[in-house]
Amino acid sequence: MGEVSLGDTAGTAHPTVAPAGTPAVSIDGVTKRFPGPKGGEAVTAVDRLSLDIVDGEFFSLLGPSGCGKTTTLRMIGGFEYPTSGSIRIFGDEVGLLPPNRRPVNTVFQSYALFPHMTVERNIAFGLQMQDVADDEVRRRVAEVIELVQLGGRETRKPRQLSGGQQQRVALARALVNHPKVLLLDEPLGALDLKLRQAMQLELKQLQERVGITFIYVTHDQEEALTMSDRIAVMDEGVMLQVGAPEEIYDRPRTRFVADFIGDTNLMTATVVDGRSVEISDGTVLRVANDRDVGTDVTVAVRPEKLGLRRPDGERDTSLDAVQGRVDRVTFLGNAIAYEVTALAGDPPVRLRVRQGNAPGVEHFAAGEEVRVRWVPPSATVLED
Amino acid sequence: MATTLQPASRDGERPPPAPDEPGLEVDAERAESRRGLLIGLPSLVYLIVFFAVPLAIVFVYSFGARSRTGRTVLGEWTLDSYARLANPLVLEITARSLGYALLTTLICLVVGYPFAYYLATRSARVRGALLVLVMIPFWSNLLVRTYAWRVLLGSDGPFVRALEAMGLPTVQLLFTPFAIVLGLVYGFLPFMILPLYAAIERLDFSLVEAARDLYADGWQAFRKVTWPLSRPGVVAGSILVFIPSFGAYVTPEILGGSRTTMLGSYVVSQFLSARDQPFGAALSMAILAVMLITAIVYFRSGGRNL
């Protein structure tokens with residue numbers, strides 16, 4: 001792709017200098033309510049959201065449809081105004097500014113390319129609206145066309161392009177303005193799986209090269225995990241957890257987060273002390289927690305963190321283990337999925353186990369007795 | 001591997017006839033077009049009897065001669081009637097009709113566009129109610145509605161009365177160009193609003209958001225995105241208003257005076273009072289030509305954008 005960079009910000013409309021360490025976007029106690037359907041109650045789309053997005057990071061807003069992630073993005077872009085709270089971009093309050101007066105650009109879900117303009121004119125639009133000189137416009141459009149590899153298609157109309165190419169035009173049209181923050185609203189949703197995976201990688205590389213803060217809205221947990229520096233998980237207008245992908249995946253704080261991202265086993269348990277809980281078959285698991293002794297809690301552990309052994313083998317005391325019987329075996333190609341029910345307990349603990357299909361890994365059949373075991377830190381106590 | 005790739009016909013048998021043999025396909029297509037003709041026949045007959053035949057008669061008459069008693073003489077073919085189209089009076093009336101029609105179109109566009117935009121951006125329920133309001137006038141006769149304007153604009157009408165009551169000098173409203181253009185706008189505004197509404201309603205409003213995101217202010221977003229994308233509606237509406245305005249008869253006849261004669265009335269007077277059918281026919285053909293050219297312009301420019 002060559003030595004193209006967007007670091008040169010000469011000629012951009014927003015030369016404000018913020019002190020080092022200022023968050024790219026700072027959302028403080030933002031609530032958005034929409035008037036309900038005729039006579040109905042107002043709908044709260046975003047509820048007291050507070051969030052700082054660091055300069056230069058790839059930040060994802062993740063959640064199911066209707067969780068408020070798109071509304072949050074649209075408030076940053078200026079397409080919706082918050083009912084209360086404040087939104088700052090590099091320290092400047094933008095809460096009630098129209099979109100054309102914010103130093104951010106958006107890549108829309110359906111791209112929203114201007115159908116009556118060529119690729120070139122689509123990309124040049126933002127610069128022309130800012131009255132950038134003609135030869136400067138030409139230079140920057142050519143630069144960004146090279147960046148997104150659209151050379152040779154400058155004079156095509158959007159409908160003459162494939163989905164992937166339209167996606168690149170949408171990106172180029174936003175990036176050419178050298179925005180301080182780029183907002184992306186499920187930009188890969190319309191692409192097929194293969195292309196989507198290729199574009200995920202490309203988007204991430206592009207973001208690293210141009211160094212612009214990306215705020216990325218998606219309902220696809222895999223997409224969020226693959227690309228993001230940090231993820232905020234939202235549900236029903238509330239932010240449930242924010243953190244690095246590993247943190248969100250390995251240490252989900254709530255049942256919703258554990259369930260929404262990846263596959264998970266949930267076990268009901270009773271707190272024994274600050275370092276252990278007891279499950280229904282009487283097994284004591286080593287799980288750190290800060291609950292009162294005797295409280296019922298939910299313990300989560302990912303299926304791929306679990307291993308299977310013959311029940312009669314020597315016990316490794318550094319691992320937590322549950323004795324059970326295999327109910328069902330499913331061959332997945334790259335892995336084998338087992339469903340195991342604990343031998344004792346009412347109701348009995350059920351665990352899904354996923355073992356990689358690697359040489360040397362022992363296979364089990366339905367009906368066999370097994371010992372399910374894991375490294376204690378794999379399990380975590382949920383807050384709800 | 002190689003043996004399995006050999007064609008099956010090698011074993012001496014002829015392959016069965018393919019179901020997609022060209023002969024069958026052609027037959028099916030013929031049957032299809034026969035059925036199509038049958039369905040279209042009633043309207044075809046209707047168009048021939050009530051449109052093509054009268055049009056042909058007018059066309060033939062336009063080359064006829066007028067006897068001294070006002071009878072039309074066919075057989076002595078002449079282009080005299082067409083030559084008389086260059087008559088200063090005809091040119092004056094044509095220019096006037098053109099002016100009124102263009103002004104009517106422009107006013108309809110200026111009034112209709114904001115309304116159509118408003119209409120297209122409402123909820124489905126409000127939209128339905130407003131569309132009914134646009135179409136209600138069609139439920140009564142244009143002649144009746146135009147007479148209503150005659151009462152409203154007359155010297156005893158509410159407008160003139162109101163001016164009197166305020167002690168202002170009264171003005172003549174009826175039988176003026178103002179009255180005609182008002183009547184035309186009133187009559188043909190729905191023809192502007194409906195195609196505009198259809199075009200704007202189809203518009204993807206995320207494009208407007210994209211323009212705003214790319215530093216366009218509200219007016220620039222309208223000029224660069226909304227307007228060009230609603231152009232097919234603008235062209236369609238303008239032509240649907242221009243054509244009937246140009247050839248209008250009822251409105252100028254009822255609301256206009258002797259100094260505001262438009263082409264429609266002039267054609268009628270040639271047929272009835274002047275008893276000069278060939279000239280009236282030639283005028284009609286000229287008007288038809290203008291409308292035809294306008295329609296072609298529409299399909300050329302509209303078709304490319306749709």
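Q: How many cavities of 30 Å³ or more does a search of the whole structure find?
A: Two cavities turn up in that search. The structure is a predicted model.

Q: What volume does the largest cavity hold?
A: About 60 Å³ of space.

Q: Which residues line the largest cavity closest to its centre?
A: Ten residues form the lining, and the closest to the centre are A:Leu147, A:Val148, A:Leu171, A:Glu202 and A:Leu206.

Q: And which elements give two or more residues to that lining?
A: Those are α4 (163-175) and α5 (193-210), both in chain A.

Q: Which one gives the most?
A: α5(A) does, with five residues in the lining of the largest cavity.

Q: What is the lining of the largest cavity like by class?
A: Seven of its residues are nonpolar and three are charged, with no polar ones.

Q: OK, the second largest cavity. What is its volume?
A: The second largest cavity comes to about 30 Å³.

Q: Which residues line it?
A: The second largest cavity is lined by A:Asp250, A:Pro252, A:Thr264, A:Ala300, A:Val301, A:Arg302, A:Ser378 and A:Thr380.

Q: How does that lining split by class?
A: For the second largest cavity, three lining residues are nonpolar, three are polar and two are charged.

Q: Changing topic: into which domains is chain A divided?
A: Domain 1 covers 25-50 + 66-200, and domain 2 covers 263-381.

Q: What distance separates the centres of domain 1 and domain 2 of chain A?
A: Taken over C-alpha atoms, the two centres are 45 Å apart.

Methods: Residues numbered from 1 in each chain as written. Chains lettered and ligands numbered in written order. Predicted model: local features only at pLDDT ≥ 70, side-chain atom pairs only at ≥ 80, totals over all residues. Heavy atoms only, no water. 1 Å grid on protein atoms, 1.4 Å probe; cavity = no way out; pocket = protein on both sides within 12 Å on 5 of 7 lines; lining within 4 Å. Points joined across faces, edges and corners; volume = space filled by probe spheres on them. Helix = DSSP H or I, 4+ residues; strand = E, 2+ residues; numbered from the N terminus. Nonpolar A, V, L, I, M, F, W, Y, C, P; charged D, E, K, R; others polar. Domains from an automatic or database assignment.
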